[in-house]
Amino acid sequence: MNSSRRAFLKGTAWMGAAALAAGCHLNRLGFGEGGLMQGYAYRKLMGKRIRVGFVGVGARGSAAVHRVAQIPGCEVVALCDRESARVEENLAWLAAHRHPVVPKGYVGEEAYKDLCDFGACDVVYCATPWHLHQPVALRALNGGKVALVEVTSALTTEECWELVEASEKWQLPCMQLENCVYGEIELLELNLARLGMFGEINHAEGAYIHDLREVIPSTGKHYNTEWVWRYGENMKHKGNRYPTHGLVPICQTMGINRGDRFDYLVSLENGPHNVNYEHFKKEFLTDADPRRKDPPAAMGDMNTTLIRTVNGKSIMVQHDVSSPRPYSRINLISGTKGIVRDYPFQCAFESTCFDRKAHAWFDEKKAAEVRETYMHPLWRDVSEMAKKVGGHGGMDFIMDLRWAWCLQNGEPLDMDVYDLAATSCLCELTETSVRSGSKPVAIPDFTRGNWRNVKPWGVVNVDLKKMGLDSGAVVKDAAALGV
């Protein structure tokens, strides 16, 4: 046994049973055939157009097609969906907006394989149901394509390792499309952190709290659509199946995989109280509807997961999609000099130790001054245009601008395959912890120790003039999603 692996397992023996139950494969040895992907800049597309194929063009995928088609240099060359009507709708939209290319259409459950093998495509953008995210991304990488994949990008630890090793083998970026990294407050917190305003960050909290009880419809109009597959995840699984919206921005700000890494987690959840009401069951159309199960879901309403990092920092991440609560991602960053949280936006900082200025939240005027003074330059420069296009308040468009900018200019993507793996593996590991009575579960080091050698993500931007993009050149996207 490798000595570093032996030392690791000895140091974590107290959590070994849970780790083995998770199938963690804690320390795979060596990197893929091509080498390390942290800080990797894909230069093949530098200065050239980007030919993008989309797999899954339902609500989320159609919005992505409309956004990307408005970015100079990005050509939509292929569309894939199991429903031909969705492909046709997007072909019509592109034609109506004078897109210079007529995309090739692919229709069928496994048609994504042909798209991923399509030679005239540089990037595969995946916006399918969750269970297809990893298979599409893996096929894209093995087909020689850059993989951009919606969240959550993989559902098991083994799936995460497969993406890591394929990305390394082929030296192709694989980026998780976590739009919340580009939200106003998340970017503000990143900027504050890089300016030292928090001091040393020692704790963070994130969440996905979003009332989605419409996944149990009162009519049959949504049956066999995305609501059913999404609710199916709640029926079958425990833990946090959608951890990234609250967690990935925290990782970027705290330097996870870039000077620190996840060590272990514990996860606890309550029962499925909000999806077990009698009036829901009465509304189901047939006895064959699987949502008639009692209880109809394995997953509790609220899951709370605590993560400890190797450097002794703590993170709380929550998931609740079945309670009548206002939407929140929490977005809390706390350090030795101050704190910021969202929903609503609040902040407090002290200028010297124990000056007591952080013993109460700043008043609204002072908080607004912080928000304006320390606004991230990317949000300041792009947000008005992004809001015009739409998509979760503009952050979807900013996300697409950033990956397009990086690929066109030979810069590393903001999030790499190790970021994808570290956060996506929580789907499996949180469930393992919950089902074991909330025992600690070790989190794999997908970087195999290289997290020690990588600098945290910086304060990035795009050059709109160089991209050839101005506010008058973009149009409102009627398909854009809200929260």
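Leaving aside its neighbours within four places in sequence, with which residues is Phe262 in contact? They are Leu247, Cys251, Ile256, Ile307, Arg308, Thr309, Val310, Ile315, Ala422, Thr423, Leu426 and Ile443, where contact means heavy atoms within 4.5 Å. The structure is a predicted model, in which local features need pLDDT of at least 70 and side-chain atom pairs count only at pLDDT 80 or more, while totals for chains, interfaces and linings use all residues. Residues are numbered from 1 along each chain as its sequence is written, and side-chain values use heavy atoms, with hydrogens and water left out.

**Confidence**
- The protein chain has a mean pLDDT of 88, and 84% of its residues reach 70 or more; pLDDT is the predictor's confidence in each residue, from 0 to 100.
- Over residues 1-25 pLDDT stays under 50, and the model has 36 contacts beyond four places in sequence for them.
- Residues 217-224 also stay under 50 in pLDDT, with twelve contacts beyond four places in sequence.

- Phe262 is found in strand β8 (residues 262-269); helices (H or I, at least four residues) and strands (E, at least two) are DSSP runs, numbered from the N terminus.
- Phe262 counts as buried because its relative accessibility is 2%; buried means under 20% relative accessible area, exposed over 50% and partly exposed in between (1.4 Å probe, protein chains only).
- Phe262 and Gly312, 50 residues apart in sequence, are 9.5 Å apart in space, C-alpha to C-alpha.
- In the largest nonpolar core, of 129 residues, Phe262 is among those that touch the most other members, with Phe54, Tyr125, Tyr182 and Trp403; such a core is a set of buried Ala, Val, Leu, Ile, Met, Phe, Trp, Tyr and Cys residues joined through side-chain atoms within 4.5 Å.
- Helix α14 (residues 395-409) gives the largest share of this core, ten residues.
- A second, separate core of nine residues includes Leu155, Tyr208, Leu212 and Tyr327.

- Ser167 lies in helix α7 (residues 157-170) and counts as buried because its relative accessibility is 1%.
- Leaving aside neighbours within four places in sequence, Ser167 is in contact with Met37, Leu141, Leu172, Pro173, Cys174 and Val417.
- Helix α16 (residues 426-435) is mostly covered, with nine of its ten residues buried, including Glu428 and Glu431.
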